[in-house]
Amino acid sequence: MDNCALSFTLNGPESTRKLGQQLAPLLGLKAGEQDGALIVFLQGDLGAGKTAFSQAFIKSFNYEGTVKSPTYTLVEPYEVDGGLKIFHFDLYRLADPEELEFLGVRDYFAAHPAVCLIEWPDKGEGLLPEPYLTLELTGSGDTRQCRLKGSSAQFDAELAAALQDFVQA
C-alpha cells in the first residue's frame, strides 16, 4: 500500500479485535455521511486477521447473532444498531471479477447507510469502487504490522486521533 497514513504493530488476535472495535464508531459515523456504502479494503495473507477484525467490527455495533466468515457465500449481510447495514465480503474464492455482477454487487455499494468490508479486494479489481479506507495486515505469528490509508488527508488525521492508543504504543 503506497503512502500509508498510519503504521503500527498489533500484538496478537486481541489487539486486532480491539482495532476493529475502535474503528467501528468512526466508520459507522462516516457511513451516514456517504451517498452510498463506505468501502473498506482488508488486505493481507491468509490468517493475517482480516476476519477477526471484521467480526469485532460488526459485534461492536451490538450485533447479537453469529458473525460468520463469508468464505463460501462471498458476502454476509448484517443490520446493526441505528439501521446501519454491514456487508462483509470475502472474495478469496472469486475466479473472475465479473462474478461480482451475479451477486448484485452494485446494490450493496449503493446501500445507505452501509459499510462494505471487503477481504481480498484484488480479486474484484475493476469492479470495486475506490475504498474510503484500506487496512493492510502483514507478518506472522502473533505480531502483525498494520498499515492504514484513508481516502483523504482529513480522514487520515481523524484515523490518527481515533487510534492514538495504537499509534503511540
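Buried, in what follows, means under 20% relative accessible area, with exposed over 50% and partly exposed in between, using a 1.4 Å probe and protein chains only. The model is predicted, so local features need pLDDT of at least 70 and side-chain atom pairs count only at pLDDT 80 or more, while totals for chains, interfaces and linings use all residues. Residues are numbered from 1 along each chain as its sequence is written, and side-chain values use heavy atoms, leaving out hydrogens and water.

I start with the rings. A search of the whole structure gives 9 aromatic pairs. Rings of Phe, Tyr and Trp (its six-membered ring) pair if their centres lie within 6.5 Å; planes under 30 degrees apart are stacked, over 60 edge-to-face, the rest tilted. Phe53 and Phe57 are a stacked pair, 6.1 Å centre to centre with 25° between the planes. Both lie in helix α2, residues 50-59, 4 residues apart, or about one turn of the helix. Helices here are DSSP runs of H or I, at least four residues, and strands are runs of E, at least two, numbered from the N terminus. Phe53 counts as buried because its relative accessibility is 0%, and Phe57 is buried, also at 0%.

Next, Phe89 and Tyr108: the ring centres are 5.4 Å apart and the planes at 85°, so this pair is edge-to-face. Phe89 is in strand β4 (residues 85-90) and Tyr108 in helix α4 (residues 105-110), 19 residues apart, so the pair links distant parts of the chain. Both residues are buried. Ring pairs join Phe87, Phe89, Tyr108 and Phe109 into a cluster.
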